[in-house]
Structures are given as C-alpha cells and as structure tokens.
Amino acid sequence: MRPLIPWTLGTVAVITPLLDYVNAQAAYEGGGAGQATNSSLLWGTYRPNLYFGTRPRLPESLMTGLMWFDASHYQGFQRMRHACDQGDGIKGYGYNKHDGRHYATQSIHDTPNNLHITTEFIKVPGGENGGDWGVRIKGKPIDDDYESLNSLLFYIGLEGEGGLDIVSKLGKEGLASPVKIEGDTPELEDFEIHIVDGPNNNHPPGVESDLRLTQWWGTQVSEGDTWKAKDHVMKNILQSATTRITQANQKEVLEVPFAYFTLANELSEGEGEIANFYAFQKVFFGAFQFDVLFRSKSSPQKLTSDVFDKEVDRLEQTFDLRFQNTFHLNEKGFSQEQIAFAKYAMSNLLGGIGYFHGASMVDRSHPPMQDEENFSSEPVKPESTTPYSLFTATPSRPFFPRGFYWDEGFHQLLIGKWDNDLSLDIIQHWVSLIDENGWVGREQILGEEARSKVPLEFQTQFPHYANPPTLFLSIKRYLDRLSQHQQEHSFQSNPIMTSLEDPQLLRSLHLEFPSMAHAWLTKVYPKLRSNWEWFRTTQKGYLERFGRATENEEAYRWRGRTPHHTLTSGLDDYPRGEPPNVGELHVDLMSWMVFSTRLLKDISSHLGEEYDKDVAEYTTIEKNMLQNLELLHWSEENQAFCDQTIEEDKPVHVCHKGYISIFPMILGLLEPESPKLKAILNLVEDEDELWSPHGLRSLSLSDPYYNTGEKYWRGPIWININYLALQSLYNNYKNVPGPYQAQAERIYSQLRQNIINTIFNDYQETGYVWEQYSSDTGKGVRSHPFTGWTSLVLLIMAEEY
C-alpha cells in the first residue's frame, strides 16, 4: 500500500493516516512528489505539430503518429495527412476536450477527403513506468451520399537504445487483429502495443493482400529520422504500388487504386540492420474504428478495449464536471454552444503542449554582453548548441509548433488556473534554459523537425536579443493562487489524507504544501534574478550620452532593432523611431522592467527574512523606474506614453498611439487616481484611436501607419494585449475606488463582450480560433488554429484574472 499524504482541498473526511502530517509531508517531498508528477506527465499527445501523435517526456524513446489518405483515387495518396498544415483545407480540427494529463478527444473535419475523424486518448496510471495509454481512432463519412474509402496508417518508431518487434504471425497478406508488438527501452522497460479492430468495420477486396487484415512494413530508419515518417511510408507504398501496377491489368488498376497503394507486408532490413520503425495500414469502406493500446509490463492492470470503453466515459464526465467547477460558465449565462467553444479553446492549448529535444542554433560570435552600436547587416555565424529538452505549450500546431518565450507566459495564465502544477513544471523547464549570463533564447527551435518549419533566416538566436519576460505574468498569478489558497484553508488544522495517485492532488501540490511552494520559488528565484540583471545590463538605454537629465539611470531599449521592425519586443512591425538608432528608449520595455522588478520583490518577500536585502533593493529600483517611466516617456503634448528617439542630436518623443501607449495601464503600473490613467482610458475608448466594435486595435486608426505594410501589429486585434487590458481594468481600476472607476467599468464591460463575440462568432463560422482579428470586420486572419494566447478568451469569459 502506498503511504497516504496530506491534502487540504475538498470536504473534510475522516481517513486514518499511515503517517502523521509532518512525517507524511517529509516523505512526500523526499522524492515521492517528483516521481508521481513525472509518472503522471510521462506520456502525452506531445507531438502537437501532428494531427495525432504521442511520445513520452524522454529525449530518445518511442514515438507514434497517425496518417491517412483518400484511397478511392490516385490523387488521394498525394494528399496524405500527417503534420498539421493550413494548406490541407480541413474545415476545422482540434481537441474538444483535453485535461492535460489523462484524457483528450479530438475532431478532425477533413472535408476534401469527405472524412470526419475522432481520436480519443486516455491514460491509465499504474506501475513504475508511466502506466498504460490508448487511443481510439474513429471515422465516418461527412456526406453519406458520396463513397468513403479511406486508408489509415499508424506508425511506431523507436529512437535510442532498446528494441521493437512484431510478435503477431507475419504474413504476406497482412496481420490478423489484434496486431501485437513488443518492445523495451532503458526508461520504459518492457512494454507491448496492441492494435485492435473495432466491431463493425467494412473493407474493400484486395489484390495480392487481404484488406480485411492490417497491412504492415518494418524497417530501420536513421537515428533522429522518425519524424520523417511520412516520407518513409510514402516511399514504401509508392514502390509497392509501382511493382504491383506493372504486373496488373490497367483497367483494374484504375478501378481499385486502394488495392495497390498499400504497404509491402515485409521487413526491409539490410545486412546488420534491425527494424526500429513499423507502419500499420488499414483500408476501410465507410465508418470505422480501431484501438491502439500501449501496455507497460509494470502496470498491475492491463488496458483493453473493454477497459477503454469504461475509462473514456468516466474521464469525459470528470472533465466536464471539473471544467464547470473551475470556470462556472453556466452561472454566467453562457449557452451550451459557447461553453463547448470555451472547452475547445482551453483543450487546444493543452493539446498544443509538446516535448522537444535537440540542438538550437545560436550566433555566439560576439561577446554575450556586447552592445549594438549600429544597425548594419552583419553575416550570421550560427553554431549548434549541445542538445537539450523543453516541455512547453505552443502557439499554433500547424504554424508555430515550438516554444516561444513571449507567448509562454500568456499560455501559463490559463494552464495555471486549470492545473497549477502542470504549469509550474512547464515554467521550470523554461527557467532552466536561462544561461550563466541570464539570457534565454526567445524562440526554441530544437532539432531538425522543428527547424523544418522555420525559414532559415529566422532559425538563429542571438545572446543579446531579449523578449518580453512574460513568465513573470504567470508566476505572479501563481503567487496570487498561493495566497488565496492559504487564506481559504488557514482554518484547517487537520488536513485530509489522500494517495499519491490522486490526480487532484497532483495538480495542486505546490498549493497544498507551503514548504513545496517555498522550495519551488527558492529554486527559480536565482535564475529569474539573473535574467532580470541581464535585462538591466544588456538592454539599458543611454541617458547622459544624449543629454537626458534624470535622477537615476533606469532607462531601457530593445536590442535587435532593424528598419521598420523590433522583433525582440514581440510587437514586430509596430512603428518606432525611424531610422533605428542607439539613442532610442522604449516604453513597453520600461513597463516590463517595472513589472518584473515588482514581482521579484514579491517573491523575495515571500521567501523570508534572509531576502530582506533583496526586497529593499527592488523597492528602490521600482521607485526609480516608475519615476523615469513618467519623466522619460510621458508626452504632455500627446497625452500619451511614448517611445523616445534622437533627432538632431536631441531626444524627442515618438508617439505612435497604440498598444505601447497603454502598457503602463495594462501592467497595473498607474495608481487609480493618476490623471495619466484618465488619458489612457480616453485613448482606449476613442473610436478614432484604439476602440473598435471587435476589440482594441494594435495601432490607432488615426496613425499614418495604420494597416500599412505587413499589417501585423499595425491595426489588427491581438487577444493577449486585450486580455492584459481587461485583467488590469478588473483588478486595478474597475473594482478599486478612484475618480475614473465608472469609466473603467464601462470600458471593461463593453470590451469584454466585444472580445467574446468576435472570437466566438468567427469560430462558429470558420471552425477555428485565429492569431489575430481584423479591427475592421472582426474576421480571423493569419495562423489558424491559433490556440495559444487566443485561448485566453476562456479566462475573459470566466472573469478569472
């Protein structure tokens, strides 16, 4: 029997503890917590760039994936689906429900192939190696009036040490159900995989093979090449089809292409080779179903299709109840269609979580603390880093299936609300990437698979380039949750005891145990401070050099500027001073620095008396930063916060009113009674400036750069900034007494409704949520599905800020 551990959530119940509270906590924190967490998160849908794929959180191990094509004609083979692609013409796809750990169900509406696919994924904990998992793949015609004949392929690839073998009886006509595979790796130890047919499948006749059976192929692929599964599989099917077609009647070939475009039913192993990649193919008429069941030999109870039936229903009911109890959308009056949409938004953020391992490309040809003195183009000298791993959410499965520092802090605002400890695990992965100088790459392009989706000119990272430190946002929310939890449960002197396997406990360990919270903050704090110090050194702005008179030296400038772009700011083409020069100062970066300093002060205050010196330092620096924020960046003439540049050797304001103008408000840096708050609220509410019926424009309608050039951050509506505006209005101004409280309330209420309507209405029309929305029409534009920070719409609906 496992030891019971303390838990203070839920209704008090009398459970006889095996250990007293102190000993139980010590035992749990002594290693059980980490083991239980890693086991719970070991397996997942951690290949978000694919329509469906699984892998464990291990650098080299087992990977699986799904492919399919329309088998009724030759052109169908050329449209084989595998990696998510906006060019596939699919009319909506994504996870309808995903809990981030044990359960996920996804719908794929493949209109060009007249096929609706459902994937249902579950995990069953137990044993020493992450338990069992299974996926049920179902399909049916979208339009029953048209013939539906589809070929489905599921592959299993092994990288690193270990073995993989088919133990079913091999045959040239195919494999009978269930297909059985056995394997082992040092980390997973022994396991088996069963591929099991559903009860009511229909199959067309074959030629040389029996299409009622599973077609198959095994081969050895080069280390690190499993991700090229589609290339491997298409090559084998094409070679197999070519051989068969040359020996067949041409009329018959045209009538039954599905019988020719199948795997070779053979092991392709050269001398000294051992197959580490297997593909399995099924050809169906009409509706179909099959299961893929992974069973760890250490699991006490084996996952079967019957167990799957029961578990998937139970996990779905658990998900629905937990979603309601977390976000309370029914009480807020949302319709069932809106609630289903909200589940989709969150589930696709969770379904976008991936585990990545590989080398990154970094240009270290200059000293890490070297400053920029000019903006001429220099040759890039990328070097490959030592391979490393990252567990992270991703902004967009088809377009940005990798980690972005700028995005991740926003992602964790929602993930942290749903699953506190999953969020902290991801944050800690990112924090661990901060190097000895305090730098972290803004885009994590790890390995060849990730690089295959990125143009060459964007692959290299530079150690003097920053990105908005948005992880500080999500850590601030963790501190808020921790304080609220401690207040709500301070009266419970006799905590409830529960098992290490309790999923609710695993989601909240760092809320339940104050000492674990303290240990986590103590671990990340030095890295966060190092990153903050790196910002203060490498992104510092020049004051005395350009005759700026201030009482302190707090001023900041984004490095990495190019004409018409500041990619490092996250706001890409937002207009700044032109041409770029070293005398610029950037108001958004100054605002981020104030926010970061304030958070570090909060963390060090939380850590105790030994950090009092740090608290005092942050207090002084925060005061200085706020002083210079107003002195350097407030333009009385424009009644706005603005950047500075240098003209005729003198500093001048550059006032392109838009998102950067409202940063001091959206990060909560202005007091409720500040007259400058009034000016910002007026700017936000003005229809000729930022206000639109669909959300806040990124750039003022009156600005000459509005909707010009790339039209990226020059007008369109971005949900992350609208979310920051709403959360600040709610937390700092709408519900806090002050002279502008009524105006803040009015703006908040209407803006919230506008954002919800914009995203939901377009989702109903297109089946997607989008990277940005037109400020003129409210239509979604650019990347889709973009279920990164656009999923913050759920927190807006729930008013969970």
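Reader: What is the handedness of the link between Cys642 and Cys655?

Author: In this predicted model, a search of the whole structure finds one disulfide. Cys642 and Cys655 form it, with their sulfur atoms 1.9 Å apart. The angle about the S-S bond is 100°, and the link is right-handed.

Reader: How many residues apart in sequence are the parts that this pair ties together?

Author: The disulfide joins Cys642 and Cys655. Cys642 lies in the loop between strand 26 (640–641) and strand 27 (643–647), while Cys655 lies in the loop between strand 28 (650–654) and helix 16 (663–666), so the parts tied together are 13 residues apart in sequence.

Reader: Is Cys655 buried or partly exposed?

Author: Buried means under 20% relative accessible area. Cys642, at 1% relative accessibility, counts as buried. Cys655 has 22% relative accessibility, so Cys655 counts as partly exposed.

Reader: How is the ring pair of Tyr405 and Trp430 classed?

Author: A search of the whole structure finds 54 aromatic pairs. A pair of aromatic rings is described by the distance of the centres and the angle of the planes. For Tyr405 and Trp430 the centres are 5.7 Å apart and the planes are at 50°, so the pair is tilted.

Reader: Which helices hold Tyr405 and Trp430?

Author: Tyr405 and Trp430 are both buried. The pair ties together parts that are 25 residues apart in sequence, because Tyr405 lies in helix 7 (residues 405–418) and Trp430 in helix 8 (residues 420–432).

Reader: How is the ring pair of Trp534 and Phe535 classed?

Author: Trp534 and Phe535 are both buried. Planes over 60 degrees apart count as edge-to-face. The ring centres of Trp534 and Phe535 are 5.3 Å apart and the planes are at 85°, so the pair is edge-to-face.

Reader: Which charged residue sits over the ring of Trp418, and how far is its charged end from the ring centre?

Author: Over the ring of Trp634 sits the charged end of Lys676, 5.3 Å from the centre of that ring. Over the ring of Trp418 sits the charged end of a residue that is Arg322, and the distance to the ring centre is 3.5 Å.

Reader: Which residues make up the uncovered face of strand 11?

Author: In a regular strand the side chains alternate between the two faces of the sheet. Strand 11 (residues 179–185) has Val179, Ile181, Gly183 and Thr185 on its covered face. Its uncovered face holds Lys180, Glu182 and Asp184.

Reader: What is the bridge partner of Ile166 in strand 11?

Author: Strand 10 (residues 163–166) pairs with strand 11 in the antiparallel sense, over four bridges. The partner of Ile166 in strand 11 is Ile181.

Reader: How many residues lie between strand 11 and strand 12 in their hairpin?

Author: Strand 11 and strand 12 (residues 189–197) run antiparallel and are joined by seven bridges. In one of these pairings, Gly183 has Phe191 of strand 12 as its bridge partner. The number of residues between the two strands of the hairpin is three.

Reader: Is Arg752 buried or exposed?

Author: Arg752 is found in helix 19 (residues 741–766). Leaving aside neighbours within four places in sequence, Arg752 is in contact with Lys332, Phe334, Leu726, Ile796, Met797, Glu799 and Tyr801. The cut-off for buried is under 20% relative accessible area. Arg752 has a relative accessible area of 13%, so Arg752 is buried.

Technical notes
Residues are numbered from 1 along each chain as its sequence is written. This is a predicted model: local features need pLDDT of at least 70, side-chain atom pairs count only at pLDDT 80 or more; totals for chains, interfaces and linings use all residues. Side-chain values use heavy atoms; hydrogens and water are left out. A disulfide is a pair of cysteine sulfur atoms within 2.5 Å. Buried means under 20% relative accessible area, exposed over 50%, partly exposed in between (1.4 Å probe, protein chains only). Rings of Phe, Tyr and Trp (its six-membered ring) pair if their centres lie within 6.5 Å; planes under 30 degrees apart count as stacked, over 60 as edge-to-face and the rest as tilted. A charge sits over a ring if NZ of Lys or CZ of Arg is within 6 Å of the ring centre and within 35 degrees of the ring normal. Two strands pair if DSSP finds at least two bridges between them. Contact means heavy atoms within 4.5 Å.
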